[in-house]
Amino acid sequence: MGSSGHGEIDAMLAAVQARFPGFVLKRTSKVDCHNDAVRFSWSLGPVDGPAVVEGVDFGTLSPEGKLASIVGFIDRMPAA
């Protein structure tokens, strides 16, 4: 999955939250930054329980230092 611009990134996060009510997205690593690129790990799961999904996102920053695009990779998720 990938999104560009604030509107698409916001819509993607809203869709994840709507699909998994009661779950929270948590950043699970520091944000690594190199030039205009960033990466960080995250998890999705119940507020009081273990993560159900884990992944890593890679993003790019605008010249102003704001998030411009994001691409997410899922590393672990339940079997269908």
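Arg76 is partly exposed, with 37% relative accessible area. The model in which this residue is seen is a predicted one.

The side chain of Arg76 meets that of Glu54 in a salt bridge, with 3.4 Å from N to O. Arg76 belongs to strand 6 and Glu54 to strand 5, so this pair ties together parts that are 22 residues apart in sequence. Glu54 has a relative accessibility of 34%, so Glu54 counts as partly exposed. As a general point, side chains of opposite charge can pair when their charged atoms come close.

The ring centres of Phe58 and Phe73 are 5.8 Å apart and the ring planes stand at 80°, so the pair is edge-to-face. Planes over 60 degrees apart count as edge-to-face. Phe58 lies in strand 5, which covers residues 53–61, and Phe73 lies in strand 6, which covers residues 67–76, so this pair ties together parts that are 15 residues apart in sequence. Phe58 is partly exposed at 37% relative accessible area, and Phe73 is partly exposed at 43%.

How many aromatic pairs does a search of the whole structure find? The search finds 2. One of them is formed by Phe20 and Phe23, and this pair is stacked, with 6.0 Å from centre to centre and 15° between the planes.

Salt bridges come next. A search of the whole structure finds 3 of them. One joins the side chains of Lys30 and Asp32, at 3.3 Å from N to O. Another joins Arg39 to Asp32, at 3.0 Å from N to O. Asp32 counts as partly exposed at 25%, and Arg39 counts as partly exposed at 44%.

Asn35 sits in the loop between strand 3 (32–34) and strand 4 (37–46). Asn35 has a positive phi of about 55°, although it is not a glycine. The side of the structure it faces can be read from its accessible area: Asn35 is exposed, at 66%.

The protein contains 1 helix and 6 strands, and from the N terminus on its elements run β-α-β-β-β-β-β. Its C-alpha trace spans about 40 × 25 × 20 Å along the principal axes. The protein has 80 residues, of which 24% count as buried. Among contacts with a separation of 6 or more, 28% come from residues 24 or more positions apart.

Methods
Residues are numbered from 1 along each chain as its sequence is written. This is a predicted model: local features need pLDDT of at least 70, side-chain atom pairs count only at pLDDT 80 or more; totals for chains, interfaces and linings use all residues. Side-chain values use heavy atoms; hydrogens and water are left out. Rings of Phe, Tyr and Trp (its six-membered ring) pair if their centres lie within 6.5 Å; planes under 30 degrees apart count as stacked, over 60 as edge-to-face and the rest as tilted. Helices (H or I, at least four residues) and strands (E, at least two) are DSSP runs, numbered from the N terminus. Buried means under 20% relative accessible area, exposed over 50%, partly exposed in between (1.4 Å probe, protein chains only). A salt bridge is a side-chain nitrogen of Lys or Arg within 4 Å of a carboxyl oxygen of Asp or Glu. Contact means heavy atoms within 4.5 Å.
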